[in-house]
Amino acid sequence: MNPPPAEATPRPPRRRVHTRARLLAAASELFLSVGFARTSIEDVCAAAGYTRGAFYSNFGSKEDLLLALFDDQAGQRLAELAELAAACESLAPRERARRLVEALLRVEPAETGWILLFLEFRLVAARSPALAEQVAAHDRAVAAALAGVLERNLPELVPPGASAGQAAAVVLAAREGVLARTAAGGAAAEELLAATAAVLSGLSRR
């Protein structure tokens with residue numbers, strides 16, 4: 001019997017995957033409860049039950065750890081958006097676009113902490129060129145992933161004359177601005193959400 005073909009990229013050992021998951025879970029709780037600036041690597045290690053050596057075998061810095069959490073959150077939201085797009089296939093393009101844009105912009109109660117955390121991190125990154133580039137790289141990766149979702153599932157959200165990448169960048173920028181202004185909820189937040197969804201979906205193809 002021939003041996004199975006070698007994988008192009010070796011899988012990390014199971015223990016390392018478990019360690020990384022525990023560090024991410026501990027960091028998530030700490031960042032959301034006390035914020036990014038007030039959480040130290042030592043705090044994360046203590047909460048996860050690991051040493052600094054275990055931390056640095058998985059992440060290069062506290063910033064890398066937080067960006068990994070943001071990557072996970074973005075991946076979950078994009079997967080939910082693709083599922084919703086599939087469920088709305090029978091709707092007229094304009095209504096379909098409106099529902100999907102509103103779903104992307106709406107702040108669920110469980111998301112409020114993540115929004116505040118990301119805004120805090122952006123302010124920190126704005127004062128560090130190296131960190132700002134890391135955040136920009138994260139933004140580009142998320143925009144590229146969203147562009148793929150638009151091309152496959154939501155072509156009506158790409159206006160004529162624009163690329164899927166450009167549409168994705170604008171949607172994400174609008175989303176972040178809306179989330180920052182609607183995290184507290186209330187009537188004004190609902191009005192802004194409805195207005196933004198109407199404008200963005202109004203740009204869709206008929």
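Modeller: Buried means under 20% relative accessible area, exposed means over 50%, and partly exposed lies in between (1.4 Å probe, protein chains only). This is a predicted model: local features need pLDDT of at least 70, side-chain atom pairs count only at pLDDT 80 or more, and totals for chains, interfaces and linings use all residues. Residues are numbered from 1 along each chain as its sequence is written, and side-chain values use heavy atoms, without hydrogens and water.

Colleague: How many helices and strands does the protein chain have?

Modeller: Helices (H or I, at least four residues) and strands (E, at least two) are DSSP runs, numbered from the N terminus. From that end the elements read α-α-α-α-α-α-α-α-α. The C-alpha trace spans about 55 × 55 × 30 Å along its principal axes. The protein chain has 9 helices and 0 strands.

Colleague: What share of the contacts with a separation of 6 or more joins residues 24 or more positions apart?

Modeller: Contact means heavy atoms within 4.5 Å. Of the 206 residues in the protein chain, 38% count as buried. Among contacts with a separation of 6 or more, the share from residues 24 or more positions apart is 68%.

Colleague: Where do the buried residues of α8 sit around its axis?

Modeller: The buried set is Ala 164, Ala 167, Ala 168, Val 171, Ala 174, Arg 175, Val 178, Leu 179 and Thr 182. They cover an arc of only 135° (from the directions from the helix axis to the C-beta atoms), so they sit on the same side of α8.

Colleague: Which exposed residues does α8 carry on the face turned away from its buried side?

Modeller: Helix α8 covers residues 164-182, 19 residues in number. The face turned away from them carries the exposed Ala 173 and Arg 181.

Colleague: Which residues are exposed on the other side of α9?

Modeller: Ala 189, Leu 193, Thr 196, Ala 197, Leu 200 and Ser 201 are the buried residues of α9. These residues fall within an arc of 120° seen down the axis, so they line one face of the helix. The elements covering them include α5 and α8. On the other side of α9 the exposed residues are Ala 187, Ala 188, Glu 191 and Val 199.

Colleague: How far apart are the end C-alpha atoms of α9?

Modeller: α9 has 16 residues. At 1.5 Å a residue they should span 22 Å. The model agrees, with its end C-alpha atoms separated by 22 Å.

Colleague: Is Arg 96 buried or exposed?

Modeller: Arg 96 lies in helix α5, residues 93-105. Leaving out neighbours within four places in sequence, Arg 96 contacts Ala 85, Cys 88, Glu 89, Leu 91, Asn 153, Leu 154 and Glu 156. Its relative accessible area is 8%, so Arg 96 is buried.

Colleague: How many disulfides does the count come to?

Modeller: Cys 45 is buried at 4% relative accessibility. Cys 88 is buried too, at 7%. A disulfide needs a pair of cysteine sulfur atoms within 2.5 Å. The count comes to 0 disulfides.

Colleague: What separates the C-alpha atoms of Leu 117 and Ile 41?

Modeller: Leu 117 is in helix α6 and is buried at 2% relative accessibility. Beyond residues up to four places away in sequence, Leu 117 touches Phe 31, Leu 32, Gly 35, Phe 36, Leu 66 and Phe 70. Ile 41 is 76 residues from Leu 117 along the chain, and their C-alpha atoms are separated by 16 Å.

Colleague: Which element gives the most to the lining of the largest cavity?

Modeller: On a 1 Å grid over the protein atoms alone, a cavity is a set of points where a 1.4 Å probe fits but cannot get out, and lining residues have an atom within 4 Å of a point. With 3 residues, the element giving the most is α5.

Colleague: Which elements give two or more residues to the lining of the largest pocket?

Modeller: A pocket is an open set with protein on both sides within 12 Å along at least five of seven lines. The largest one has a volume of about 600 Å³. Of its 24 lining residues, Phe 118, His 138, Leu 172, Arg 175 and Glu 176 lie nearest its centre. The elements giving two or more residues are α4, α6, α7 and α8.

Terms used: The expected span of a helix is 1.5 Å times one less than its number of residues. Grid points are joined across faces, edges and corners, and a volume is the space filled by probe spheres set on the points.
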